[in-house]
Amino acid sequence: MDKPHLLGLTQEECQHLISELGLPTFTAKQILDWVYQKKVSDFESMSNLSKANREKLQATIDSSFYKSLQLFPSKDGLAIKYVFELTEGQKVESVVLKEKTYTTLCVSSQAGCPVDCKFCLTGVVGFKRNLHTHEIVGQIFQAMQDGHQISHLVFMGMGEPLLNYDNVMKAIDILQAPYGFNISKRKITVSTSGYIAGIKRLIETDRKLNLAFSVGNANPAKRPAIMPIENRNPITEVAKLLNTYQTKHNRKLTLEYTLLEGKNDEPEDIRDLIALAKYLRAKINLINLNPHPKIPFKPVPTKVLHKIKSWIEDARVPVTVRYKKGQDISAACGQLGESYL
Ligand code: SF4
């Protein structure tokens, strides 16, 4: 049987393992302190544990989660892409994004993605597998260990987080716990392409996370050409569920809109987007496509981007433009997957 992984253990699970090993109960607290306060994950370095206990722990709990790691800092110094090679060779990317006053990590939830949004490199990669909880926590652990004070998490890396619901939610529980990295739930955003079964589960939990919904096109007739998920998860149903989530949890909702020239930039497309934002009391985040030879679309010209932004402002809907950090390293959050291609 596979060993449990250190970075995938809740406090309760850690305590349970410690008592099964016959070690003193305070050992669990010592271990979690090493991991989340001192950012040390190898038992050998946990110097306040006896040698015998360190050996017992090493034999029972796994603590390494990748075979190799590559870092790609962007020229503008504002982004660093991490490429983790997992134990069976799959590659997963995460991105540190530096803002003036805070640092965000764009986190992956799957190796590849089965959703196949046509503007997304991860969609081109196809689906490899769901990430385990420790592989999700590990992305934050690694960035923190490298000295990045991650205060915000966005699940907008590789994968549809709600298709890996249990592992993602367990990772979030560990990351926001006081024994973990203590990241505020208000600073954690989960992005979805509109997976209905996952949104229904979110409505029922008390986690109260911020949500981002990737729209593609708000018109149900035009959406499948960009986001095939529409065929089984109609946007009309998704919108009703998001509205229920908003009403119940009162969290921030952002509509992510990747602009594709000639596909979703016409006045009627933006009118539909504005209507959706008004119905959901949501902010719109415009993202101009990060072009790539494997993606069959073009970004819109900058003047079109500005025109669309002003239409949305005129309709009194809050709107931001996500400027592309680290374009030279293909670090656009939500469009990762370069390392496979
Ligand atoms: S945008 Fe998100 S859900 Fe869509 S293919 Fe890419 S990773 Fe998957």
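Predicted model: local features only at pLDDT ≥ 70, side-chain atom pairs only at ≥ 80, totals over all residues.
Residues are numbered from 1 along each chain as its sequence is written, and side-chain values use heavy atoms, with hydrogens and water left out.

The domain assignment of the protein gives domain 1 (6-60) and domain 2 (90-340); such bounds come from an automatic or database domain assignment. The C-alpha centres of domain 1 and domain 2 are 35 Å apart. Contact between them, defined by heavy atoms within 4.5 Å, takes 13 residues from domain 1 and 13 residues from domain 2. About 1100 Å² is buried between domain 1 and domain 2, with 67% of it on carbon and sulfur atoms. Buried area here is the accessible area (1.4 Å probe) that two parts lose on being put together, summed over both. On the side of domain 1, Leu7, Tyr36 and Lys39 lose the most area to domain 2, together accounting for 56% of what that side buries.

One salt bridge (a side-chain nitrogen of Lys or Arg within 4 Å of a carboxyl oxygen of Asp or Glu) is found between domain 1 and domain 2. A salt bridge joins the side chains of Glu13 and Lys170, at 2.9 Å from N to O. Four residue pairs, both residues at pLDDT 80 or more, are in polar contact between domain 1 and domain 2. A polar contact is a pair of N or O atoms within 3.5 Å; within protein, one must be able to donate a hydrogen and the other to accept it, and residues adjacent in sequence count only if both atoms are side-chain atoms.

Asn243 is placed in helix H8 (residues 235-249), helices being DSSP runs (H or I, at least four residues) numbered from the N terminus. Asn243 is buried, with a relative accessible area of 16%; buried means under 20% relative accessible area (1.4 Å probe, protein chains only). Neighbours within four places in sequence aside, Asn243 is in contact with Tyr279, Leu280 and Arg281. Its side chain makes a polar contact with the side chain of Arg281 at 3.3 Å.

The structure holds zero disulfides, a disulfide being a pair of cysteine sulfur atoms within 2.5 Å. Cys113 is buried, at 10% relative accessible area, and Cys117 is buried, at 12%.

Key. Buried < 20%, exposed > 50% of the residue type's maximum accessible area, 1.4 Å probe, protein only. Helix = DSSP H or I, 4+ residues; strand = E, 2+ residues; numbered from the N terminus.
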